[in-house]
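Student: I would like to learn how to read salt bridges and surface patches. Could we go through a case together?

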Amino acid sequence: MKLSSFSLLFIFFFSTSLASQSVLTFEDVMKFEDINSPVISSKGNWIAYGVWPDRGDGKVVVQHTSKKKEYEIDLGANPSITFDENWVIAYRNVPLVDQIKAKKDKPRRGLALLNLANGEAEIMDSVSTYSLSNNGKWLAVKRYQSKEIGDLKHKNKKLGTEVFLINLETTDRTELSFVTEISFDSLSNHFAYSVIDTSGKENGLYVYSLDDFEKGTISNSENGYYSNLTWDTKQPRIAFTKASLDTSFIESDASLHLWNANGNDLRTLVTADETDEDWALRSNNRLTFTHDGGRLFFGLMPQAMVDLDAKKEKDDEEIDIYAIDQIVGDRGMDLWHGDDPRIKTHEKVTFTSRKNRTYTAVYHLERDEWVQLADMEMPFIQIYHNDKYVLGNTDEPYLRDITHEGFFRDWYLVNLENGERTKVAERISNGSAMLTPKGHRVLYYHEKNWHVYDVDTGETRNLTFGIDVPFYNEDHDYPSQVPGYGIGGWVDGGDAALIYDKYDVWQLSLIRGSWRNITDGEGRAEKRIFRVRSLDDDNRYRNNEDLFLTSYHDMNKNFGFYTAKTGKEGVKRLLEEDKKFTFVEKADDSKKILFKREAYDEFPNLWVAEDWRFKKNKQISKLHMDLKEKWNWGSAELIDWLSLDGKFIQGVVIKPDNYDPDKRYPVMTYYYRFFTNRLHDFNEPKTNHRPVFAQYVSDDYVVFLPDIRFEIGRPGFAATKSLVPGIQKLIEMGIADEEKLGLHGHSWSGYQTAFIVTQTDIFDAAVSGAPVSNMTSAYSGIRWASGLARQFQYEKTQSRIGESLIGAPEKYIENSPVFFADKITTPMLIQHGDADGAVPWYQSIELYLAMRRYNKDVVFLQYHDEPHHLQKFPNKLDYAIRMKEYFDYYLKGVGEPDWIINGEVYLGK
């Protein structure tokens, strides 16, 4: 066979290109830039986004979407574009070197104001926050609080700070002193701010009219404390709370007020003494106007919780060194009682949030009356914007159940007129109940079906019982109640709801009980998952209205965008490729859409579509376009196999660009549960507990990401039955070197890794991060970050035993690696942070000691004061390096790391 000159040239350039590819190093990973916080301007003419490396300094990039116009803000982060498209505002971070050098007084971030007309930028230092008016013409910049006022250190932590109010059209600015809160109204006509100064004499709430820039006083009082500034969205009026500060800067109870700019009218809605003696109105609050402006929601606090914060002066009693009450009064002890609703650790972790919790009340503005809605028995209210009802819920009856069963709530319909409540759903564990926009129906999921409660009749109907597809999670493999797939929105104010099965979108009438599969069953037929994506964050639709859908093919793992219509059946493809597409946002005042496109070997750059039909699309950002020229990044493909018990399973295989089919490769396997949905994910290089796929692939590894199918009662065995045949498939395909097989997992897959190597000797090295190794001891342990007992995790959730330790001790033993440590032949590297709040780090000690007892090849990395996932960069980098060295040593025979061969002697801190 003769080769043409073109073929010879192609082969030459292709091979030369591959030869120029390099290995992705740890320095490359640290320097690798990512896009974050992307935004599109109101008319879609500009986008702005952060470009920051894993470690180091970054910038904000601003690009025009049709012209070749681009600006950069050095050290910029979290950009905003003004509505009029004239300015970009971005925080300006402190250079990393300066952060590292600073010991006590850490440098503070600033703010950059970029003029899009000329590219000039102004830098302001020491900025804590800022606020833009909705029309984009005004900017308020709030500085950080100075620890010293003049020559004095001030003890008032509520003291205001410097604010600049800037007219962005003229660049004129007004300096305001001692400002605590700032707020523009929604129509951009007024700017309100509250003041607390050093003397307390100028404390008050003030307002500027942005039309003529006249300053007015809403309310002021010596030592007053004004907070919770909240504008009505439709009228020029602002609600706020007012309290006073004593000489020790302790606040009093508050009152609730409403000021209307029309007529300069100030009303007192609720005074401090109007509440029941068991309740208090405080500055710790959250105010919410209903959309029609008819009601104002606010919060009350239990007086008992307020009293806990009150300063109590110590008695000047004499000290009697033998007085028992005085002595034991200084004890350090927590009392755990068998009848406690919460176990003590959970009680302590949640104490601050419970102490500061507010209980919702509503003020009816037209008739000047207020009603308390929530109380200790029903603490939680979901606010809705109809004029009759809200929903309340409580977990109080089920607090003891949290320990071993999980979380449950009762749901109530609450009357806004009088606070009366009607229970509509009991012991709900999956999701929340939802009130329709009209307020005439309550929709909730329970025991594998969707139910609707009729507000007028008090009757409940099962909506999905007669439909021949499941609306519960078909892949649920936990011993808990099966969840549903959620809803996509409301039709005609809630006369119907858009409800998901695994694949399709259904329109279910809440009035008549009829249904329509608006994706026409195409999802289930083709294994494509459709979901509704609102373009404007409003999930309300009319009948016969276009729907924007995202799609994910459950077999091929690719993504796309489709469209359908409410009230009709059928879908239409808009955009779909063997890639991943992610909707970012729609421009507020334009049809333009900002989205991302990515693949394993394509960085997720930003694209702009002219509208949601995606007929004209343009790539705007162009980061890492030379990705495969610089590094041997590799390519990803899908394979499948049958588990040991015949289940169909898929996995992702990532091969080097210079993959040689006549050569067998070391394989690094990384997994958790379902990972094949990452086929088209760009694996962002980050220094952390996860391996960077391209770093291994570029160094002549193959990376394997298998799915795992679990069984209740046998999670460890199920993982083994799923994974090992996948490894054998790689060997049969000629990809894997059977003498060079590595396994890596963290947390739940750290457990799986530790267990799997007790059942098979197929792996040549294993890395197990933060694993549970002994379910018998872990079962009655504590998740320290949440304070929750671990029992529910084994009986109902991830650990999947499905019974108590006493009820099925053999299952806990059979699924615990420590009881089979003598069977392990695979060298293992264990990693754990000793401040892990999810998996107690002594679980790794048990695994280490069990392996050590039987003279197994084991190394344990204990990272000091680190949680479940390493946070300190030196530790993250150290672990990433050791992980790579470990696999290189055992799978490639590269290097002789002394820490692997001889360990490290403790030489003090």
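Tutor: We take salt bridges, then a surface patch. This is a predicted model, in which local features need pLDDT of at least 70, side-chain atom pairs count only at pLDDT 80 or more, and totals for chains, interfaces and linings use all residues. Residues are numbered from 1 along each chain as its sequence is written, and side-chain values use heavy atoms, with hydrogens and water left out.

Student: What is a salt bridge, and how many does the structure hold?

Tutor: Side chains of opposite charge can pair when their charged atoms come close. The cut-off is a side-chain nitrogen of Lys or Arg within 4 Å of a carboxyl oxygen of Asp or Glu. The structure holds 57 salt bridges.

Student: Which residue forms a salt bridge with R92?

Tutor: D74 does, with the closest N and O atoms 3.9 Å apart. R92 lies in strand β6 (residues 87-92) and D74 in strand β4 (residues 70-74), so the pair ties together parts that are 18 residues apart in sequence. Strands here are DSSP runs (E, at least two residues), numbered from the N terminus.

Student: Which residues form a nonpolar patch on the surface?

Tutor: I319, I321 and Y322 do, with about 440 Å² of accessible area together (Shrake-Rupley method, 1.4 Å probe). Patch residues have over 30% relative accessible area and no salt bridge, and nonpolar side chains are joined within 5 Å. I319 counts as exposed because its relative accessibility is 73%.

Key: Patches are made of residues with over 30% relative accessible area and no salt bridge: like charges are joined within 9 Å, nonpolar side chains (Val, Leu, Ile, Met, Phe, Trp, Tyr) within 5 Å. Buried means under 20% relative accessible area, exposed over 50%, partly exposed in between (1.4 Å probe, protein chains only). Helices (H or I, at least four residues) and strands (E, at least two) are DSSP runs, numbered from the N terminus.
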